[in-house]
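Please keep the sequence and the model in view while reading.

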Amino acid sequence: MELTTNVPNLESMSECSLKPYDAVYLGMPFCFEYQGNLITEFDDLEVAVNLLRKWGKKAYVTTFAVPRNKDLEKVYRTVEKAAEIADAIEASNLGVIRYITREYPDVRVHVGGLANVYTVSTAELLYSLGVSRIMPAYELPIEDIEKIKETGVEVELVAHGKIPVGIGHECFLKRFSDTVGKDCPKICMDSMFFKSEELVLKPFGHATLSGKDICMYEHIEKISFADALRIETISERIGYREAVGRIYRRRIEKGFSKTDFEKLKELAEHGIANGFYFNKAGQLYIPG
Amino acid sequence: MKFVGLKGFCRYSDSKAFDLNEINKMDNVAVALNRVKEADEIEEVCKKIKHETVILNEIAAIRNVSKFKKVVASVGLTPLNNEDIKFLKELGAFAAVIPPELNSEIDSFDKSLKLEVFGLATVEMFYKGKCILSAYFSNKSVKRQGVCRKECSRKWDVLYNGSKIAEITFKPEMRSFNVNGDFVKYEGRQFNKYGVIEDGINHKRSKS
């Protein structure tokens, strides 16, 4: 089983922080304008891929999750470059997924969680079109994901981190540029949350993430049928990526540690949840 | 043309949907089966619908059902660009519903597929089809159960580096558009009979 994570830019890469991982998704899929975004900065992308190769990791390149017509040329360029140098391309837009499988039939295509793969029939169709791996829709419970896995397609699941709960045409952070005195892209380097009673969200580019960290540390055996487990760190600092990665690497190789579990809870500023794996509201945590 | 929802298969609410018998007694309607279900289940019920046009939200179902019906690809599939249009055409769709946020760029779309645009729509926090807020907070899923609790309508404190700097709400806004498409859609199922958007449990928490 692969342990994967994601990094938005070259600045966020260090050998130490990526040591626990087998493969890394390069680039920030929720906003083209993110500083140093590897899906647009191709010199940096080459450096990043070469570093991952040197460190013995697989290099996957992501693409912008919600491209409109005006964005397609940029997406085509990302795909062309990624097809040349990366081990796989991740896409969450159905049209872009089909474009890659049609134009680059030899390239591995990974379908992202925002592509909304809810059913076995969608998974079968995408698999028949040449897709190699699917991250099923975030709101699917384990039993539905297992059925998708039975189609033969590889399945990747979020084991830990903040998941997108929505994505739109607007970056909400920009609404507060004047209030905080910072413009794009600097504003998203700071911490912003939306809070209502006990509910918390984290705006990040065009996406809004769960405020809580999805945490399957206690329950990892229940999702160990997956081909890859993702530690979602696209909106996090390097230290988080390293600490959580090390904890999950130990979990996979050595088993449960109460100390490590407590550390994960400490790192989750707004608490932990199980997501939708147990067919409950995504923000709930079911103790193991 | 009116779109009517089939009970158990459509988004938003079964309370405003109709059963198969009722639908088959109507004239000149298209049938919405835009809740996410397995393709074979959708195909089976589509065979029992007498009307020519259905609206679907599952790509394998579009491929299968388009062999015997006119299929409109739901806005829940979030068609955003010409690659989406090309793919939906390849699957056999007859038309695609374009999210209202894209109305200003509708001329840039490939005309190989009929385009249905919103003349009146609720513009929401996220693209239609790309929101799981309701399921995340309340386990009520638009995609899977057809139910939305409109959690976006809450009043939210905006915390920046730990301090509150503002309040915000993302309550859906009804907007009308002057837009040209092959079909112009006037969204109705999210409104009650008085024309008010139903906010679910969050109506009282809403800012506006």
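The points below concern the interface of chain B and chain A.

The model is predicted: local features need pLDDT of at least 70, side-chain atom pairs count only at pLDDT 80 or more, and totals for chains, interfaces and linings use all residues. Residues are numbered from 1 along each chain as its sequence is written, chains are lettered from A in the order in which they are written, and side-chain values use heavy atoms, with hydrogens and water left out.

**Extent**
- Chain B brings 54 residues to the contact and chain A 63 residues, where contact means heavy atoms within 4.5 Å.
- Together the two chains bury about 5,100 Å², 59% of it on carbon and sulfur atoms; buried area is the accessible area (1.4 Å probe) that two parts lose on being put together, summed over both.
- Of the area that chain B buries against chain A, 15% comes from Glu83(B), Tyr136(B) and Tyr160(B), more than from any other three residues.

- The rule finds five salt bridges across the interface, each a side-chain nitrogen of Lys or Arg within 4 Å of a carboxyl oxygen of Asp or Glu.
- Arg154(B) and Glu197(A) form a salt bridge through their side chains, at 3.6 Å from N to O.

**Strand pairing**
- Strand β9 of chain A (residues 192-196) pairs with β7(B) in the antiparallel sense over four bridges; strands are DSSP runs (E) of at least two residues, numbered from the N terminus, and two of them pair if DSSP finds at least two bridges between them.
- Tyr160(B), in β7(B), is the bridge partner of Met192(A).
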